[in-house]
Amino acid sequence: MSFAEATTASREILTGLHDVMASRNHAQGKLNRVVEIIGEALSSEVCSIYLLREGVLELFATLGLNQDAVHVTKLAMGEGLVGVIAESGRILNLDEATSHPDFAYRPETGEETYHSFAGIPIIHRERVVGVLAVQHADPRPYDDVEIEALQTVAMVLAELIASAELIDESGTEAEIARQTEAMRLSGQKLVIGMGEGKAVFHQPRVDIEHTVAEDTEAERQRVYQAFRKMREQIDALSNQAEFGVGGEHKDVLETYKMFAYDEGWSRRINAAIDSGLTAEAAIERVQQRTRARMHEIDDPLLAERMHDLEDLANRLIRIVAGQLGTAAQLGLRNDSILIARNLGPAELLEYDRRRLKGVVLEEGSLTAHVTIVARAMGVPVLGRVPDVRRLIHQGDQLLLDVEDGSVFVRPSPTMVEAFEAKLTRMQEKRAEFEALRDLAPETRCGKRLKVMVNAGLREDVATLNMAGADGIGLFRTEFQFLVSATLPRREAQQKLYKDVLDAADDKPVIFRTLDIGGDKSVPYLRAETTEEENPAMGWRALRLSLDREGLMKVQARALIEAAAGRTLSVMFPMVSEPWEFDEARALFEAQRVWLEDHHHMLPHEIRYGCMLEVPALAEALDELLPRIDFLSIGTNDLTQFLFAADRADPRIAERYDWLSPAILRFLRRIMQATGEAGIPTTICGEMGGRPVEAMALIGLGVEQLSITPAAVGSIKAMIRSLDATLLREQMREWLAEPPYDMRQALLDWAAQRSVAIG
Ligand code: PEP
Ligand code: MG
């Protein structure tokens, strides 16, 4: 059969099926007519439809086989050719059916006279509901174009079967159960926490309701308009990506663009419309075909591109169907776990925090903006879960346990029980910690430490008092820039800073100036940053601020004015040499003088601090310390530089331990120097929010921690059960002669002395 003949045959069948669907015939009558139409159009001697009933494939209608076999011939899943097709969801196309190892002969059918065989799964809402099979006497396989025509027909048949209510919901329960078995998927722990809810796709999937077109020309127009709109969207996304706003990577967008403008793709969709399908069905039909081809080519690179094409095809279907919004825009109705390939920070912030119980990403990394924002929002995130959007279905019940690195999909009762027990334990713990909230973080040996929180979102302002913290030890001002598509104006910056100071009442707040650039790029700088091989070590933070001082001047004024009449504490990120601190301070002082000259009300004091996160600075403390008012150690960056190990690379994420003697010795030297110089020193990296690590830090002489708000309770519990004097002595011995496993030594020490490390 030629391509043109196949298209004509498809159209003929579709027109016929359309009439059958519209007719008043009863379901059985409709199916009988369908097999006739298909058989005739494809000149096939046999055409049969098997439908799933009670987990078994039952012959429902046939042209060419014995009519007595109808409702008599039944095949289990995996049994015979039909059973294999239904079980695998794959097509079989054979020139000699009997020589296939799974061929099961059923005498009542009288099929022995036929040699060739082609069978197509009938799929409705991602589930196999039956099989369409054709056979003929001539021993030759069916042409590709014939198979294509059959696939188109199977798609329409799915709709017909559903609308004729021939999908036996009770009967398919076994099948549903098989396709919806409980599953545990693993990923990378991005934001620790537990959450329970229904799977919601950030980009919701559209159920295709109508497959046969009423008016082919109208469908062509719909697809034409949708392509236009999609291309506009992709172009806009590329522009945003230039600005570092969206969640998509640049190379993904490049591929999107390539497909969006691919003439071949739109041509194939138009050809499917010509065969009689609606725009939605045509896009899906072409997608099915591509999927099948890709399945045959086992190439991981192509598979990756296939993901991109799937994304785009879904987007096109959503545009055609007029279902455009993200799940955030449609609104979450229940407790939900969000499923996405990746997200931008602004996209995440659009969700209702009360209903968003977690996020599962196919991509994602520890330092991605979305991760930092999710941590600030207190939403657990599991990242790098391969194929998650295929394995999880919209509406599936999910249990997310990031501590365990897993998400349980459609959980079994045992899984639910174990999860809930763990959740209850966590909640009890949290309640215990809540009770500690307002107690002072005082050690058993009577030392009053300081526990502050890291913040950066406007929302954090409201929860500040709740955390029972001693203030904000790190306010990441770049968050406001990351979640905004345009440069936040001075007034907006000033308002945020003032609101934060108001909310903190008289508790101290340490503002960190912008830490952007490198991988945290924003629109207004993108044009100037080229692709960097090592963005973490690149043109970022203070390096960038000193080169583009306009930005920093605006921020300095916003901060100084916001703190009028109070103390302003400000610190600079990524200082590598003391002169960088001097320049930054001079810039702030110049702004202060300018404001003074113009009779603005000023802070009664400006305290200047420095972040220590570049190892070189530790060798310049003798020069630096006399110039600064306080120091804050950013262990996230510091340790990645000390170990030369990218903190975003999952392959080495667990390779080195924060509790290694190298890190601890390094930190102790800094603590000794700042102690002697009398410079207050805080640890503001993630390390301080983990009980064992925080305990070790206290053993090094650390007295101030700035941590993620969720950890305040557990860290206070640890502190209140700790004899710091004893531990400091022990640490001195351990650092002189390190034990084989420092972490284990600390854990044992804590256990023996009943230190609450959870
Ligand atoms: C750090 O590097 O430890 C730090 C607190 O800064 P950030 O995580 O924002 O880079
Ligand atoms: Mg840092």
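**Where two domains meet**

Reply: One salt bridge is counted between domain 1 and domain 2. The model is predicted: local features need pLDDT of at least 70, side-chain atom pairs count only at pLDDT 80 or more, and totals for chains, interfaces and linings use all residues. Residues are numbered from 1 along each chain as its sequence is written, chains are lettered from A and ligands numbered from 1 in the order written, and side-chain values use heavy atoms, without hydrogens and water.

Me: What makes E148 and R289 a salt bridge?

Reply: The term asks for a side-chain nitrogen of Lys or Arg within 4 Å of a carboxyl oxygen of Asp or Glu. In E148 and R289 the closest N and O atoms are 2.5 Å apart. That is within 4 Å, so the pair qualifies.

Me: What are domain 1 and domain 2?

Reply: Domain 1 covers 3–174 and domain 2 covers 183–415. Such bounds come from an automatic or database domain assignment. The C-alpha centres of domain 1 and domain 2 are 32 Å apart. Their contact (heavy atoms within 4.5 Å) takes 15 residues from domain 1 and 19 residues from domain 2.

Me: How much area do domain 1 and domain 2 bury between them?

Reply: About 1,600 Å², with 52% of it on carbon and sulfur atoms. Buried area is the accessible area (1.4 Å probe) that two parts lose on being put together, summed over both. On the side of domain 1, E148, M155 and E159 lose the most area to domain 2, together 33% of what that side buries.

**Around the ligand**

Me: Why does the salt bridge of D401 and K422 tie parts together?

Reply: The N to O distance of D401 and K422 is 2.8 Å. D401 lies in strand β13 (residues 397–401) and K422 in helix α15 (residues 413–436), so the pair ties together parts 21 residues apart in sequence. Helices (H or I, at least four residues) and strands (E, at least two) are DSSP runs, numbered from the N terminus.
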